[in-house]
Amino acid sequence: MRGRRNAARGGPKSRWYDAGRPHPPAGLRHRMLTARTPQEPTVTLDDGRMERLDAELGRHFDRTARTVAWSG
């Protein structure tokens with residue numbers, strides 16, 4: 001049904017495209033990933049950087065945790 005709605009809106013036509021689904025189906029995603037050559041990561045996370053990120057984002061995590069806990 002979604003595919004028909006997208007086609008009616010003039011959206012891109014693809015076997016797996018669906019505006020409500022941002023990723024291709026698991027089988028296609030698996031084939032795409034296994035076809036790639038493994039690479040070293042461009043960005044790495046060391047202990048110092050992780051501590052700085054925790055310090056920067058900690059208050060936001062705490063506030064979100066309180067909001068979730070109180071939302072019942």
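User: How many helices and how many strands does the chain have?
Analyst: This is a predicted model. Read along the sequence, its elements follow the pattern α-α-α. The count is therefore 3 helices and 0 strands.

User: Which element of the chain has the highest mean pLDDT?
Analyst: Over the chain, pLDDT averages 80, and 72% of the residues score at least 70. Among the elements, the lowest mean, 51, belongs to helix 1 (residues 2-8). The highest mean, 92, is that of helix 3 (residues 47-70).

User: What accessible area does the nonpolar surface patch with Leu57 have together?
Analyst: Besides Leu57, the patch is formed by Leu45, Met50, Leu53 and Phe61. Together these residues have an accessible area of about 460 Å².

User: Does leucine 45 count as buried or exposed?
Analyst: Leucine 45 lies in the loop between helix 2 (26-35) and helix 3. Its relative accessibility is 53%, and the cut-off for exposed is over 50%. Leucine 45 therefore counts as exposed.

User: What percentage of the residues in the chain is buried?
Analyst: The accessible surface of the chain is about 7000 Å², with 55% belonging to carbon and sulfur atoms. Of the 72 residues in the chain, the buried ones make up 7%.

Technical notes:
Residues are numbered from 1 along each chain as its sequence is written. This is a predicted model: local features need pLDDT of at least 70, side-chain atom pairs count only at pLDDT 80 or more; totals for chains, interfaces and linings use all residues. Side-chain values use heavy atoms; hydrogens and water are left out. pLDDT is the predictor's confidence in each residue, from 0 to 100. Helices (H or I, at least four residues) and strands (E, at least two) are DSSP runs, numbered from the N terminus. Patches are made of residues with over 30% relative accessible area and no salt bridge: like charges are joined within 9 Å, nonpolar side chains (Val, Leu, Ile, Met, Phe, Trp, Tyr) within 5 Å. Accessible areas come from the Shrake-Rupley method with a 1.4 Å probe; for residues, only the protein chains shown count as cover. A salt bridge is a side-chain nitrogen of Lys or Arg within 4 Å of a carboxyl oxygen of Asp or Glu. Buried means under 20% relative accessible area, exposed over 50%, partly exposed in between (1.4 Å probe, protein chains only).
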